[in-house]
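Subject: Structure handover

Hello,

Here is the structure for you to look through. Please open it alongside this note.

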Amino acid sequence: MKQSATSYIVRKFGGLAVFALIWEVVSRSGLVLQDYFPPVTAILVAMGEEIRSAKFVDNLFTTWGRALGGLAIAIVLGIGLAIIAARSYVLRRMLSPFVDMLRVLPPPAIVPISIFAFGIGTKLYLFIVIFAAVWPIYINAVNALAAPEPVQIATARSMGYGDDEILYRVRLPAALPEIFTGIRIGSGLALLAAVAAEMIAASSGLGALLYDAGFTLRVKDMFAIMFFVGISGILLNALVATVRRWLIGWHIDLAAMGEHA
Amino acid sequence: MTSILSAHGVGKSFGSHAIIRDLTFNAREGEFISVAGPSGCGKTTLLMCIAGLLKLDVGSVEFQGQKISEPPPGLAVVFQDYSRSLLPWKSNMENVVFGMKRLENLSAKEKHERGAEILSSVGLRGFEKHYPWQVSGGMQQRVAIARALAANSKLLLLDEPLAAVDAQTRADMQDLLLELAAKYKQTCLLVTHDVDEAVYLADRVIVLSNRPTHVIEEIEVPLKSPRDQIATRSDPIFLDLRARILSRIKSLKGPGGNADMPH
């Protein structure tokens, strides 16, 4: 079904607009201290100032680079580890307590030990982002890879495909929808971890700016940076959705067919 | 006619469950064989063993004079569950081309030409670019059959290929199978729980016992070809064979109880 552009915009951003309006009214009503809770319009003005500053844009890109770079490595590592672990039930069982233990560690918790290991620099931020993002990708990938469709495998074997070909031509494509669920969760965690690491241990990036603005009581700037983090999340999700549509459009159409059936 | 497939003294167990014991039969080149037997008697296991997908415990299966130990070239399998055997991320054409793994001397273009020809002969011209899940169940099974033929096989193993399609489609597909078997010179081994279908399609029906299963009777089907859904099914020979096989299967007391009921 095609909707008009207006109805699309209303459905996509209507909720945000109502939220912003309530915020504006509450902030201006005098019920709260405007110093700590500035109106949305004032935050938007601050955002406009930030985005015109080259230094801010540098910091924005720095954070994006750390999140995306770490995410990319986490995707490769998570899927690679899953391919190895999917071959052996024993290995999966042995890895599983480690995974459950490590995946609940909040990114800031591993900052100190990571500083000892990597010092302060790109390696540190990448490590923390990878650490945060890799687990959901691994877990989804290994679950999907370890539970292939037996009829698909039997068919491929009868056609003369070997184990490696079956992995790359049958099991991996079949697992992609579930892997993408992991990547989507991982992408949010990657951004979260990048900002958190920057708050604790960086002088650049949105996290560092946010920390600085917050504790120097530049409240409008602080909110403005928080909004930029939020917008980054929306853009990152859109990026993942685009790649997903490109790689597993068949699955999206198949799922949509189920919804309308 | 020369023998293309021979199973000799085949035995297979899963743990302490004996599924097949001392099963022996031959298939002649170009023959259409139906394998009928009570539910759960191990027909599918037998097919997997013949396909080289399961290892035998004892005995041997020879295909074109070679002992089978892994899936051999020249042998293709069509499973009952087409929705799970077709690859949903590939179009119908790509699924058929996927079946041409062993035709290494063909270029991609030649594979697509061959795919188009085979899809057209199973009645799917114009559906090459559709995904399997965009077409009906009967059409999906046609894609799976086309994919099996695409491998340029000699022997087609059919594991209840029509059990999941509706009755009308089923009759059409039975005739299509006979037509394709003749056109592509296939030897067919069809596993079915439907005795009518077994007799209608076959040159010979092999009746299996309960588990551990073995051949209890081989019945030649002297019905004339081409078969016809109305004439053949009302032929006294058909009715006689059908009754004979049904009562033979029914007489087997087994774990399944209702021996002629689909599982």
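Below is what was found in it, by topic.

This is a predicted model: local features need pLDDT of at least 70, side-chain atom pairs count only at pLDDT 80 or more, and totals for chains, interfaces and linings use all residues. Residues are numbered from 1 along each chain as its sequence is written, chains are lettered from A and ligands numbered from 1 in the order in which they are written, and side-chain values use heavy atoms, with hydrogens and water left out.

**Chain A overall**

Chain A has ten helices and zero strands. Helices (H or I, at least four residues) and strands (E, at least two) are DSSP runs, numbered from the N terminus. The C-alpha trace of chain A spans about 75 × 55 × 30 Å along its principal axes. Of its 261 residues, 39% count as buried. Buried means under 20% relative accessible area, exposed means over 50%, and partly exposed lies in between (1.4 Å probe, protein chains only). Among contacts in chain A between residues at least 6 apart in sequence, 69% join residues at least 24 apart. A contact means heavy atoms within 4.5 Å.

**Cores**

A nonpolar core is a set of buried Ala, Val, Leu, Ile, Met, Phe, Trp, Tyr and Cys residues joined through side-chain atoms within 4.5 Å. The largest one has 53 residues. Ile128(A), Leu145(A), Val170(A), Ile179(A) and Phe98(B) have the most contacts inside it. Five helices of chain A each supply at least two residues of this core: H3 (54-86), H6 (122-146), H7 (150-158), H8 (163-201) and H10 (219-260). The largest share, 16 residues, comes from H6(A). Leaving aside residues up to four places away in sequence, Leu145(A) touches Ala82(A), Ile83(A), Ala86(A), Leu167(A), Arg171(A), Leu172(A) and Ala175(A). A second, separate core has 51 residues, including Leu86(B), Met93(B), Val122(B) and Ile219(B).

**Where the chains meet**

The contact takes 22 residues from chain B and 20 residues from chain A. About 2,000 Å² is buried between them, and carbon and sulfur atoms give 67% of that. Buried area is the accessible area (1.4 Å probe) that two parts lose on being put together, summed over both. In chain B, Trp89(B), Phe98(B) and Trp133(B) lose the most area to chain A, together 35% of what that side buries. Phe98(B) is also on the list of residues with the most contacts inside the largest core.

A salt bridge is a side-chain nitrogen of Lys or Arg within 4 Å of a carboxyl oxygen of Asp or Glu. Glu165(A) and Lys101(B) meet in a salt bridge at 2.5 Å, N to O.

**Other salt bridges**

The whole structure has 24 salt bridges over all chains.

- Asp164(A) pairs with Arg87(A), with the closest N and O atoms 3.4 Å apart. The partners are 77 residues apart, with Asp164(A) in H8 and Arg87(A) in the loop between H3 and H4 (89-102) of chain A. Asp164(A) is partly exposed at 48%, and Arg87(A) is exposed at 58%.
- Arg245(A) and Asp253(A) meet at 3.5 Å, N to O.
- Arg227(B) and Asp203(B) meet at 4.0 Å, N to O. Arg227(B) is buried, with a relative accessible area of 10%. Asp203(B) is partly exposed at 29%.
- Arg28(B), Glu31(B), Arg204(B), Glu218(B) and Glu220(B) are linked in a network of salt bridges.

**Backbone points to check by eye**

Chain B has a cis peptide bond joining Arg211(B) and Pro212(B), with omega about -10°. Pro212(B) lies in the loop between strands S9 (204-208) and S10 (215-220). The bond from Ser225(B) to Pro226(B) is cis too, with omega near -10°. Pro226(B) lies in the loop between S10 and helix H8 (231-234) of chain B.

Two residues other than glycine have positive phi. Leu217(A) is near 55°, in the loop between H9 (205-215) and H10 of chain A. Leu217(A) is exposed, at 60% relative accessibility. Asp22(B) is near 50° and sits in strand S2 (residues 17-28) of chain B. Asp22(B) is exposed as well, at 54%.

**A covered helix in chain B**

Helix H1 (residues 43-50) of chain B is mostly covered, with seven of its eight residues buried. Among them are Leu46(B), Leu47(B) and Met48(B). Gly52(B) follows H1(B) and has a positive phi, near 80°.

Best wishes
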